[in-house]
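Hi,

Here is the structure I promised to pass on. Have a look at it, and below you'll find my notes on the side-chain contacts.

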Amino acid sequence: DKIELILQKWTEIWYDKYYFFNSKRSQKLIISENKFERLQKIAIEACEQSGRNIIPEIVFLDKLDINSLKNDKNIYFHTDGNIKTSLKDLSIENEKNINIFVWPEWGFDESEINNFSENNFTACTLWENILRCETAAIVSGFAVKNFCL
């Protein structure tokens with residue numbers, strides 16, 4: 001399961017909060033109580049494996065509330081080959097809260113991209129190739145955590 005893999009790897013990297021939301025091109029994001037318990041168990045096991053003592057918070061949203069993110073640095077990784085900004089071009093060392101948005105399997109919808117742009121989210125390229133969403137999440141999480149903070 002993609003969510004399980006992303007959660008496990010980002011927990012090992014030491015992120016402390018995960019928001020999963022229904023993008024227009026996402027697969028339907030329905031999380032049963034059993035599935036949520038499984039995800040929490042995965043997070044706990046990843047904490048134990050990586051020597052971490054704080055269990056990350058996992059939140060599932062029906063819709064992303066951009067207004068709640070206005071004071072944060074927001075970076076969205078996109079598959080558009082015209083985007084030339086990479087992480088090394090950003091100055092985010094002193095940012096307190098950085099939110100990373102990674103595309104769903106078929107990329108962000110044009111209306112989502114417009115919404116990100118209108119709200120001063122930074123479009124960023126991750127790689128010259130288009131990565132699967134779970135690969136992009138792991139790579140972007142590692143890159144932001146280790147090269148920019």
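**Aromatic pairs**

Tyr76 and Phe116 are both buried. Keep in mind as you read that this is a predicted model.

So what do these two do together? Tyr76 and Phe116 form an aromatic pair of the tilted kind, with 4.8 Å from centre to centre and 40° between the planes. Tyr76 sits in strand 3 (residues 73-77) and Phe116 in helix 3 (residues 110-118), so their pairing ties together parts that are 40 residues apart in sequence.

Another one to look at is Phe21 with Phe101, which is edge-to-face, at 6.3 Å centre to centre and 70° between the planes. Here strand 1 (residues 17-21) supplies Phe21 and strand 4 (residues 98-101) supplies Phe101, so the pair ties together parts 80 residues apart in sequence. Phe21 and Phe101 are buried too.

If you colour the rings, pick out Phe21, Tyr76, Phe101, Phe108, Phe116 and Phe121, as they form one aromatic cluster.

**Salt bridges**

Next, the charged side chains. The count comes to 5 salt bridges, and here are some of them.

- Lys35 and Glu4 meet through their side chains at 2.6 Å, N to O. This pair links distant parts of the chain, with Lys35 in helix 2 (residues 33-50) and Glu4 in helix 1 (residues 2-13), 31 residues apart. Lys35 and Glu4 are both buried. There is also a network of salt bridges here, linking Glu4, Lys35 and Arg38.
- Lys17 forms a salt bridge with Glu57, and their closest N and O atoms are 3.5 Å apart. Again distant parts of the chain are linked: Lys17 is in strand 1 and Glu57 in strand 2 (residues 57-61), 40 residues apart. Lys17 counts as partly exposed, with 37% relative accessibility, and Glu57 is partly exposed as well, with a relative accessible area of 40%.
- Glu134 and Arg132 also have side chains that meet in a salt bridge, at 3.0 Å, N to O.

Cheers

How values were computed:
Residues numbered from 1 in each chain as written. Heavy atoms only, no water. Phe/Tyr/Trp six-rings, centres within 6.5 Å; stacked < 30°, edge-to-face > 60°. Helix = DSSP H or I, 4+ residues; strand = E, 2+ residues; numbered from the N terminus. Buried < 20%, exposed > 50% of the residue type's maximum accessible area, 1.4 Å probe, protein only. Salt bridge = Lys/Arg side-chain N within 4 Å of Asp/Glu carboxyl O.
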